[in-house]
Amino acid sequence: RIINSSHRKITVYTDEPCSVTVNRQTAATNKSNKTSFQVLRSSEPLLVTVEMSDLTQTVEVNALNSAAYWCNIVYNAGIGLWLERNNPKRYTYPSRIYINTRDTIIRYYTYQKTHKKGEIYLHTSLPHFNIFEIWPENEGRKTNAGFWGISMGFDYYHRHNQFLNLCATAITDIPIPVPAAVDFYGEHERLSSSYFSLTNNHLFKRLSLGYGLNFGRYAWDRRTYRYDPEESQDTLRAPVTKRHNAIGGIFPAYIKVSRRFQLGLVYKPTFYRFGILPAFTYEHSLSVDLAWKFKIH
């Protein structure tokens, strides 16, 4: 049987204080211009009405098949789709409904379409998969790919659809995607980078695209972790670590998956290196980023 409860909680967000009615339930928005309802699951659409002193709008929110209903495909080869076809608990509604009361077209959104100037968000993310190309001093170009990293910073909205992002980030090329003990053997090279970045970002519905500058440090490390005791020590190369600072651009792109979670791709090219030759040269990293954003102001 479908595990959904008979009711579904929804939250209606508006851009100004008003009264909201959902299927004969009425409540006023709070100081954050939102209010919540428990609605009965059904195949029928929800009628959401927002009312102010000078304006009334009504939008129709269609019912959707829930994730629990589609899971029948995996758990019982789709047999449950037939058995539960008439069960009203198969349906759901968007958990968040955003309504711009001054829109010329009567409609709703399932994501926050605009932000207010001055809003600040905490940005935390895991750059989980990273690709590197760097040029250590007196070495050939080094390329590698691997996992893990961490990033933390802040978003500041200076316009309703633009924000500045300031972040500190560290990324590596660890060869495994999940936390686990790794027993290295033989000689290995490791690449990593840590950097500060400042970007300006534009919102396009669920998509944000940014551009800016980064200043950071690239590192290349070569060492032998374990070796055959019978092997001659003369054949082993001494450990080497080389680092250099560089400056360049950064171009993040994120798609909003849920209220707080975003999936991103961050391209970070550098064009000038400090203290080593050649100074002007191209290096880069490319990261698949798992990001969470929390409103703090």
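Predicted model: local features only at pLDDT ≥ 70, side-chain atom pairs only at ≥ 80, totals over all residues.
Let me now widen the view to the aromatic pairs in general, of which the structure holds 10. One of them is formed by Tyr13 and Tyr98, which are stacked, with 4.5 Å from centre to centre and 15° between the planes. Tyr13 belongs to strand S1, residues 7-14, and Tyr98 to strand S9, residues 96-99, so this pair ties together parts that are 85 residues apart in sequence. Tyr13 is buried, with a relative accessible area of 11%, and Tyr98 is buried as well, at 10%.

Aromatic rings also meet charges here. The charged end of Arg85 sits over the ring of Trp82, 3.6 Å from the ring centre, while the charged end of Lys268 sits over the ring of Tyr195, at 4.6 Å from its centre.

Finally, please turn to the sheet, which is open and is formed by four strands in the order S3-S2-S5-S6, with antiparallel pairing. Strand S3, residues 25-28, and strand S6, residues 56-61, are the edge strands, each pairing on one side only. On average, and ignoring direction, neighbouring strands of this sheet are turned by 20° against each other. Strand S2, residues 19-22, pairs with S3 over four bridges in the antiparallel sense, and the bridge partner of Ser19 in S3 is Ala28.

Methods
Residues numbered from 1 in each chain as written. Heavy atoms only, no water. Pairing = 2+ DSSP bridges. Helix = DSSP H or I, 4+ residues; strand = E, 2+ residues; numbered from the N terminus. Axes fitted to C-alpha atoms, helices over the stretch in contact; angles between N-to-C directions. Phe/Tyr/Trp six-rings, centres within 6.5 Å; stacked < 30°, edge-to-face > 60°. Buried < 20%, exposed > 50% of the residue type's maximum accessible area, 1.4 Å probe, protein only. Lys NZ or Arg CZ within 6 Å of the ring centre and 35° of its normal.
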